[in-house]
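Visitor: I would like to learn how to read strands, helices and cores in a model like this one. Could we go through it feature by feature?

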Amino acid sequence: MNKIHSSKQVYIIHGYGASPQSHWFSWLKNKLLQDGIEVDILQMPTPLSPSLPEWLDYLSRHADILARSTYFVAHSLGCVSLLNYLQQATLKEQIGGLVLVSGFTKALPSLPVLDEFTKERFNYSQVADKVNKRAVIASKDDPIVPFSFSKDLAGEIHADFYEVEHGGHFLESDGFTTLPISYEVLSRMMGLAD
């Protein structure tokens, strides 16, 4: 049963091999907390050997506030996991929005271990209908998720598309312990910024 919530709630979903402490997630959480937003960075199970059923089960138990006041920020494998979750979720109302960073729904040539997450065909319009506002952020020089995969995803779900010239995969090892564009896009989405 989905809880209904009145104040804004943001869930941050990390990707493959990551944790809530990785990359820019804690920075984004702290920025949102300063704005009075409730934030949870989800600790996805077995991130080095992820399983789609386990990740979906975890999301159903921990991302359980699905309402107009709910927003998601997901990175990489977190994006395709979130889309799988939303596709099967029964909602009472649209959720507020989602920001997908380095998102993909096609098999990644360099990471066949993740093929299970992209095996099923997506009903993109069904997912888009469940989410009021949608955005995708991608870097032209991402060595892990081809830029075209993120751009195609944005088109499929009718999302606003933000391209970054040099962001790599937006990892800490690429120099990303902050990601201002994710905060700016989400803030506009939530009506916190002009």
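Visitor: Take Gly97 first: which residue is its bridge partner in S5?

Guide: In this predicted model, Gly97 is bridged to Lys133 of S5. The bridge belongs to a parallel pairing of S4 (95-101) with S5 (131-139), and 6 bridges make up that pairing.

Visitor: How many residues of S4 are buried?

Guide: S4 is mostly covered, with 7 of its 7 residues buried.

Visitor: How many residues of S1 are buried?

Guide: In S1 (residues 9-13), 5 of the 5 residues are buried, so the strand is largely enclosed by the rest of the structure. Both faces are covered: Gln9, Tyr11 and Ile13 lie on one side, Val10 and Ile12 on the other.

Visitor: Which strands does S1 pair with?

Guide: S1 runs parallel to S2 (residues 38-42), with 5 bridges, and parallel to S3 (residues 70-75), again with 5 bridges. Ile13 can be followed in both pairings: its partner in S2 is Leu42, and in S3 it stands opposite Ala74.

Visitor: How does the chain get from S1 to S2?

Guide: The path goes through helix H1 (residues 25-34), and this β-α-β crossover is right-handed.

Visitor: Turning to a helix, which residues of H5 are buried?

Guide: In H5 (residues 147-156), the buried residues are Phe147, Phe149, Ser150, Leu153 and Ala154. Viewed along the helix axis, the buried residues of H5 fall within an arc of 165 degrees, so they line one face. These residues pack against helices H3 (77-88) and H4 (124-129) and strands S4, S5 and S6 (160-164).

Visitor: What follows H5?

Guide: His158 follows H5, and its phi is positive, near 55 degrees.

Visitor: Why does Asn84 count as buried?

Guide: The cut-off for buried is under 20% relative accessible area. Asn84 has 10% relative accessibility, so it counts as buried. This residue is in helix H3.

Visitor: What surrounds the side chain of Asn84?

Guide: A polar atom of the Asn84 side chain lies 2.9 Å from the backbone oxygen of Val80. Not counting residues up to four places away in sequence, Asn84 touches Leu52, Leu56, Phe117 and Phe122.

Visitor: How should I read the nonpolar cores?

Guide: In soluble globular proteins, nonpolar side chains tend to be buried together. In this model the largest nonpolar core has 43 residues, of which Phe72, Leu82, Leu100 and Ile157 touch the most other members. The elements that give two or more residues to this core are S1, H2 (52-62), S3, H3, S4, H4, S5 and H5. H3 supplies the largest share, 7 residues.

Visitor: Which residues does Ile157 touch?

Guide: Leaving out residues up to four places away in sequence, Ile157 touches Leu98, Leu100, Tyr124, Ala128, Arg134 and Val136.

Methods:
Residues are numbered from 1 along each chain as its sequence is written. This is a predicted model: local features need pLDDT of at least 70, side-chain atom pairs count only at pLDDT 80 or more; totals for chains, interfaces and linings use all residues. Side-chain values use heavy atoms; hydrogens and water are left out. Buried means under 20% relative accessible area, exposed over 50%, partly exposed in between (1.4 Å probe, protein chains only). Helices (H or I, at least four residues) and strands (E, at least two) are DSSP runs, numbered from the N terminus. The arc is that of the directions from the helix axis to the C-beta atoms. Contact means heavy atoms within 4.5 Å. Two strands pair if DSSP finds at least two bridges between them. A crossover is right-handed if, with the strands pointing away from the viewer, the path from the first strand over the helix to the second runs clockwise. A polar contact is a pair of N or O atoms within 3.5 Å; within protein, one must be able to donate a hydrogen and the other to accept it, and residues adjacent in sequence count only if both atoms are side-chain atoms. A nonpolar core is a set of buried Ala, Val, Leu, Ile, Met, Phe, Trp, Tyr and Cys residues joined through side-chain atoms within 4.5 Å.
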